[in-house]
Amino acid sequence: MTVYPITLTESKFMHKDLLKYPFEERGLQFGDGIYEVIRIYQGSYYLFEEHVDRLFRSADAIKLELPYTKQEMKDLLLELLTKNDMKTDGKLYIQATRGSAPRDHAFPVGVKSNIYAYLNDLPRNLDHLTNGVKTITQRDVRWENCFIKSLNLLPNVLAKQEAKENGCYEAILHREGKVTECSSSNVYLVKDGKVYTHPTKNNILHGCVRMAVERFTTDLNIPLIEEAFTLDDISSADEMFLTSSTSEVLSVVQVDKTTIGNGRPGNITKQLLAAYEKDANIKNPIQA
Ligand SMILES: Cc1ncc(COP(=O)(O)O)c(C=O)c1O
């Protein structure tokens, strides 16, 4: 597949190898920017409106002016799919920074945002979705504004690496014992038929798949309680799962040394994955 990242600042589509930025670029030097990852199934974006809305919310929150209206942005991203003749499962990455300027902490004056976006193939991880994943717990040492999808991902990167070095897929983060989310996903605990997850406050990302899960639980008559669960609650959980655009609705079968439930994806997690597969119009669903 030929990938054409687009420099949206100039509304141009170009081959990715032609994309060049000076090293005095605010995303590179300060992490002064925002991003989105949008899932693609069979060549179509999933939860497109939600992601574009969140991109604009993140931009507003860091006082970054995007040079497009939402509609123009959507048109460009849709055109990117066509230009790439995208037909497979994949993902879009888009980032917007405060532009290229001599290094100085304060915002540069009269400088346009640098924006680019590109597509990758991303097959669904059928092994993970069928069998679930292992996780570790870590202290959440991030700042208070995690609702902004900012380029500053160092604590998330370190937490994910720690998980990987322990043979795990994700790190479950907590503040003083209260679970917030994971390094790159939202997390949920199921107990007595109810789903618990941290409320959408400023200290977690408001996941687009989480928004979809809210709809699914309503449709399925499963109570969703927006209340942080604690590390202590984990040992008596019936099920746990996490959600993100790349992970979908993914069962957590182990947290540190604790096996969750019987060590297999639980019934409510399976129902929510089935609802996800239906909503995303996935061909050959796992949970038929
Ligand atoms: C920290 C964090 N929380 C939650 C999510 C899930 O967000 P979404 O469902 O929009 O992919 C992500 C996704 O990358 C994330 O990085």
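A crossing of two helices counts as right-handed if the near helix is turned clockwise from the far one by less than a right angle. The views below are of a predicted model.

**View 1. Packing of helix α2 against helix α3.** The crossing of α2 and α3 is right-handed. The two helices, α2 and α3 (residues 70-83), pack at an angle of about 125°, and their axes lie 11 Å apart. Angles of 65 to 115 degrees count as roughly perpendicular and those over 145 as roughly antiparallel, so at this angle α2 is oblique to α3. On the α2 side the contact is made by Phe 48, Glu 49, Val 52, Asp 53, Leu 55 and Phe 56. Lys 70, Met 73, Lys 74, Leu 77 and Leu 78 contribute from α3. By class, the residues of the contact of α2 with α3 are seven nonpolar and four charged, with no polar residue.

**View 2. Packing of helix α6 against helix α8.** Helix α6 spans residues 208-220 and helix α8 residues 267-279. Their axes come within 10 Å and cross at roughly 110°, and α6 and α8 are therefore roughly perpendicular to each other. The crossing of α6 and α8 is right-handed. From α6, the residues Val 209, Arg 215, Phe 216, Thr 217 and Leu 220 meet Gln 271, Leu 272, Ala 275, Tyr 276 and Asp 279 of α8. Six nonpolar, two polar and two charged residues make up the contact of α6 with α8.

**View 3. The largest pocket and its lining.** The largest pocket holds about 980 Å³ of space. It is lined by 43 residues, and those closest to its centre are Tyr 35, Lys 149, Ser 183, Ser 184 and Ser 185. Elements that each supply at least two residues of the lining include the strands β3 (33-41), β9 (178-182), β13 (239-244) and β14 (248-255). The helices α2 (48-61), α4 (126-131), α5 (154-165) and α6 also each supply at least two. The largest share, five residues, comes from α5. The lining of the largest pocket has 18 nonpolar, 16 polar and nine charged residues.

**View 4. The second largest pocket.** About 230 Å³ of space lies in the second largest pocket. Its lining consists of 13 residues, with Leu 64, Glu 65, Val 111, Lys 112 and Ser 113 nearest the centre. The lining of the second largest pocket divides into seven nonpolar, two polar and four charged residues.

Technical notes. Residues numbered from 1 in each chain as written. Predicted model: local features only at pLDDT ≥ 70, side-chain atom pairs only at ≥ 80, totals over all residues. Heavy atoms only, no water. Axes fitted to C-alpha atoms, helices over the stretch in contact; angles between N-to-C directions. Helix = DSSP H or I, 4+ residues; strand = E, 2+ residues; numbered from the N terminus. Parallel < 35°, antiparallel > 145°, perpendicular 65-115°, else oblique. Contact = heavy atoms within 4.5 Å. Nonpolar A, V, L, I, M, F, W, Y, C, P; charged D, E, K, R; others polar. 1 Å grid on protein atoms, 1.4 Å probe; cavity = no way out; pocket = protein on both sides within 12 Å on 5 of 7 lines; lining within 4 Å. Points joined across faces, edges and corners; volume = space filled by probe spheres on them.
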